[in-house]
Each structure stands twice: as C-alpha cells, then as structure tokens.
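Reader: I would like a close look at one part of this model, the packing around a single side chain and the spaces left elsewhere. Please keep it plain.

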Amino acid sequence: MRRIYLAMAALLAVGSSFAQADTTTATSDTTIITSNADTVRIGNFTIIKKNRPGSSSRDIVIEKKEPKRSSAISTNWWIVDIGFANVVDRTQYGSPAANDYLRPIRPNEQPFTKDDLKLRTGKTTNVNIWVLMQRLNIHKGYVNLKYGVGLEMFNFRYENNISYHKSPSYIFRDSINFTKNKLYTGYLSVPLMLNFNTMPGHKKGLSFSAGITAGYLVGSRNKQVSGERGKEKIRGNFDLEQFRLAYTGELGIGPIRLFGSYSMTPLHERGLEQYPYSVGIRLSNW
C-alpha cells in the first residue's frame with residue numbers, strides 16, 4: 001500500500017517535478033525517487049510525460065518494471081576433485097573365498113595376508129572430473145538439490161610385488177621388483193546430494209552437501225614398471241565389482257571446497273572385501 005500512496009503523491013507533484021532539473025531523493029522506506037524533465041521513477045514505477053500525437057498536450061503514463069527472478073536451476077561445468085584414497089579392508093584372509101582369489105603359485109609359499117595388499121599412503125589417489133553439476137533451489141537458496149555426471153578415477157598403488165592375472169582372474173606374488181605397481185579403476189558416475197547453504201548467493205558462507213553416488217566401471221588396468229619388463233599395462237576386469245555405490249559429501253568454507261566419499265560396495269566382486277574411501281579438494285564455483 002505504501003508504494004501506491006507514493007505513486008499517488010508523485011502524481012500530485014509530477015507537474016513540478018517535470019519542470020525541475022535532475023534530482024535524486026530517498027524516502028523513509030529507502031524507495032528511491034529520481035526525476036528529470038519528463039520522467040519520475042519511484043522504486044519499480046516509472047511515470048512518463050508523453051506528447052499526445054497531433055496535440056500540444058501531454059499524457060501521463062505510469063509503467064511498472066517487474067524485478068528479474070533468478071533461475072531455480074544453476075549449472076557448474078567441469079568441476080575437478082583432487083584427493084587421496086585408501087581402503088577399509090574387511091577380507092577374511094585364509095577363507096576359501098580369499099584363497100581362491102589370492103593364489104600362491106610357488107611351492108611352499110605362504111598364504112596371502114593383509115600386508116601383501118598394503119597400499120602406499122600418499123600415492124594412492126582419487127581424481128574426479130565432473131562434466132557438469134546442477135543445483136536445484138528447493139527453499140530460497142538455503143536448501144538445494146545437487147546432481148551431476150562425470151568420471152571418478154582411482155589409482156591404488158601397492159607396496160608389494162603383486163600382479164593381477166587376467167583370465168582366470170586372480171592375484172599372485174610376482175618374482176619381479178616393481179618401481180611402480182598400481183591398479184586403476186574408472187567409473188562413470190552420477191552424484192545426488194542435498195545441499196544446505198547459510199548465505200545463498202554469496203561465497204563467504206558455510207555450505208554442506210551429503211548424499212550418494214552411483215557409478216559403473218568403464219575401465220580398469222594393472223600398470224607396472226620394472227627394470228626387467230619395462231612399462232606394462234594389463235587391461236582387464238579382474239573380477240572387479242561393476243557397480244559402485246558410495247556415500248558422498250562436500251563441505252564449503254567460503255571459497256574452499258572439500259569432498260569425501262566412502263564406498264558401500266567392495267572394490268572386488270569376489271575374494272577380497274575392500275571398501276575404498278577418499279578425501280580431497282574440489283575445484284568448483286559453488
């Protein structure tokens with residue numbers, strides 16, 4: 001109602017406003033009134049004095065400019081995650097299932113233990129490239145739904161000289177000393193998270209996202225480097241789990257973004273019961 005009263009008051013004063021030079025004043029409710037010889041602006045209202053065609057008299061026209069509404073969906077392209085990874089190992093070593101996949105191949109060789117598959121901390125990594133992520137506003141920007149699509153890539157770097165046999169699939173102790181020995185897995189993944197933002201539209205606030213990521217294995221290989229064999233890449237499925245389901249989260253503190261994930265499904269579909277997890281930095285606009 002106050003804006004209507006202001007518009008009526010402006011109409012009463014429009015004659016004198018049109019005769020004055022350009023001025024700018026502020027009302028008690030911070031509505032800005034500007035005027036020149038032919039125009040008066042009050043907030044979203046514009047009062048214009050126009051010449052009537054074929055006449056010397058003028059008409060007064062009131063126009064209202066509707067404020068632009070921001071889109072409910074925002075898109076962020078090419079997000080990159082860089083982090084470290086490891087596994088939670090729940091394998092029952094010595095069980096028939098484990099012994100069928102972890103095979104000693106030389107006479108009098110001891111059964112596999114957890115130490116045989118120990119990873120190099122600091123060299124086991126997780127790099128993700130999200131082609132796009134979108135944020136759907138659910139409640140005034142404070143609560144949002146985040147989703148996207150991209151590629152999750154893990155490099156599991158082994159300390160010991162183990163190798164993957166391709167067909168049939170199993171792991172054995174190799175006779176070669178490797179300078180590099182890692183298992184690569186790549187997943188085409190779709191994350192779905194609920195996002196909470198303390199300061200919508202600003203990068204200085206605190207934000208938190210939590211949800212799940214579903215992925216499908218699109219590539220895997222055992223890469224090894226040694227003086228005896230040089231550089232080798234053995235590509236294969238190795239009886240790895242084809243589908244990946246993981247808890248995922250994101251923490252934003254101002255412009256800094258951190259991410260984390262923990263797999264609900266094991267890395268291998270048989271023999272080993274290892275659950276990968278990762279933490280790192282997310283390079284993202286929001």
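Leaving aside its neighbours within four places in sequence, which residues is leucine 117 in contact with?

Author: The model is predicted, so local features need pLDDT of at least 70 and side-chain atom pairs count only at pLDDT 80 or more, while totals for chains, interfaces and linings use all residues. Residues are numbered from 1 along each chain as its sequence is written, and side-chain values use heavy atoms, with hydrogens and water left out.

Beyond four places in sequence, leucine 117 is in contact (heavy atoms within 4.5 Å) with Tyr93, Leu102, Phe112, Tyr158, Asn160, Ile162, Ile171, Leu272 and Gln274. Leu117 belongs to the largest nonpolar core, a set of 20 residues. Such a core joins buried Ala, Val, Leu, Ile, Met, Phe, Trp, Tyr and Cys residues through side-chain atoms within 4.5 Å, where buried means under 20% relative accessible area with a 1.4 Å probe, protein chains only. Those with the most contacts inside this core are Tyr101, Leu102, Leu117, Phe156, Tyr164, Ile171 and Leu183. At least two core residues come from each of the strands S6, S8 (143–157), S9 (162–165) and S11 (178–197); strands are DSSP runs of E, at least two residues long, and helices are runs of H or I, at least four, both numbered from the N terminus. The chain has two helices and 16 strands. Of its 286 residues, 39% count as buried.

A cavity is a set of points on a 1 Å grid over the protein atoms alone where a 1.4 Å probe fits but cannot get out; a pocket is an open set with protein on both sides within 12 Å along at least five of seven lines, and lining residues have an atom within 4 Å of a point. Points are joined across faces, edges and corners, and a volume is the space filled by probe spheres set on them.

Four cavities reach 30 Å³ or more, and the largest cavity has a volume of about 40 Å³. Tyr158 and Asn160, both contacts of leucine 117, are among the residues that line this cavity, along with Arg120, Arg157 and Lys180. S11 gives the largest share of that lining, four residues.

The largest pocket has a volume of about 220 Å³. Among its 13 lining residues, Ser71, Arg135, Asn137, Gly141 and Asn144 are the closest to its centre. Strands S6 (73–89) and S7 (125–139) each supply at least two lining residues.

Definitions and conventions: Buried means under 20% relative accessible area, exposed over 50%, partly exposed in between (1.4 Å probe, protein chains only).
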